[in-house]
Amino acid sequence: MELVSSVLQLGPTVIMPIIFFVFGLLFRLSLGKAFKAAMTVGVGFEGLLLIVAMFLNTLGPVTAAMVKRLGVQLTIMDAGWATSASSAWSSPLVPFVVTGAILLNVILLACKSTKILNIDMFNYWLILLVGTLIYTDTGSIILGTCGSLLLYLLALSLETGLRLPFRKATK
C-alpha cells in the first residue's frame with residue numbers, strides 16, 4: 001500500500017502517461033507511438049495545471065481588491081470548469097477510475113451491452129470529480145472509485161442506450 005501511495009503522489013502528469021503508455025501497448029501500438037501518446041497526455045495535463053495556477057494567481061489579487069472596493073462579503077472565487085478539472089485530475093483516484101472506466105467499457109462491448117467505445121478521456125474529469133468528492137468525504141479510495149464508475153455507467157447508459165437491468169429498452 002505504501003508503494004501505491006507513493007506512486008499516486010506523483011500526480012496526474014506522471015500517472016496518466018504511464019496509464020496511456022500501458023494501454024497503448026495493450027492495444028498493440030508500437031513502442032514509439034505509445035510513448036508519444038503518453039508524453040502528449042503528460043504535457044497536456046502539465047499545461048492545464050500551469051494555466052489554472054497562473055490564472056488563479058493572477059485573478060486572486062484582482063478579485064480580492066474588487067471585493068474590498070465594493071464592500072461585499074464574498075469568500076469563494078468561482079474560476080470555472082478548469083479548476084474543477086485540475087482538482088479531479090489531481091485526485092489519487094485517477095489511475096483506478098480511468099483504468100476501471102476503460103475496462104468497464106471494453107467488458108460492456110464484449111457483452112454487446114453497448115456499441116460505443118467511449119474514448120473522450122478529457123471529460124473523465126466529470127466522473128472523477130464526483131469520486132473525488134466521495135473520497136474527500138469518506139477517505140475511501142474504493143468508495144470514491146465505485147462512485148465514479150457508477151456515474152460512468154449511468155452516463156454511458158443515458159448517452160448510448162446501454163442496456164442496464166434497471167433501464168427499460170426503448171424502440
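## An exposed cysteine

Cys 111 has a relative accessibility of 53% and so counts as exposed, where exposed means over 50% relative accessible area, buried under 20% and partly exposed in between, using a 1.4 Å probe and protein chains only. Cys 146, with a relative accessible area of 41%, is partly exposed.

The sulfur of Cys 111 lies 18 Å from the closest cysteine sulfur, which belongs to Cys 146, and that is too far for a bond. A disulfide is a covalent bond between the sulfur atoms of two cysteines, and here it is counted as a pair of cysteine sulfur atoms within 2.5 Å. By this rule the protein has 0 disulfides.

## Confidence in the model

This is a predicted model, in which local features need pLDDT of at least 70 and side-chain atom pairs count only at pLDDT 80 or more, while totals for chains, interfaces and linings use all residues. Residues are numbered from 1 along each chain as its sequence is written, and side-chain values use heavy atoms, with hydrogens and water left out.

The mean pLDDT (the predictor's confidence in each residue, from 0 to 100) is 83 for the protein, and 91% of its residues reach 70 or more.

## Helix α2

The buried residues of helix α2 include Ile 15, Met 16, Ile 19 and Phe 23. Just after α2, Arg 28 takes a positive phi of about 65 degrees.

Methods:
Helix = DSSP H or I, 4+ residues; strand = E, 2+ residues; numbered from the N terminus.
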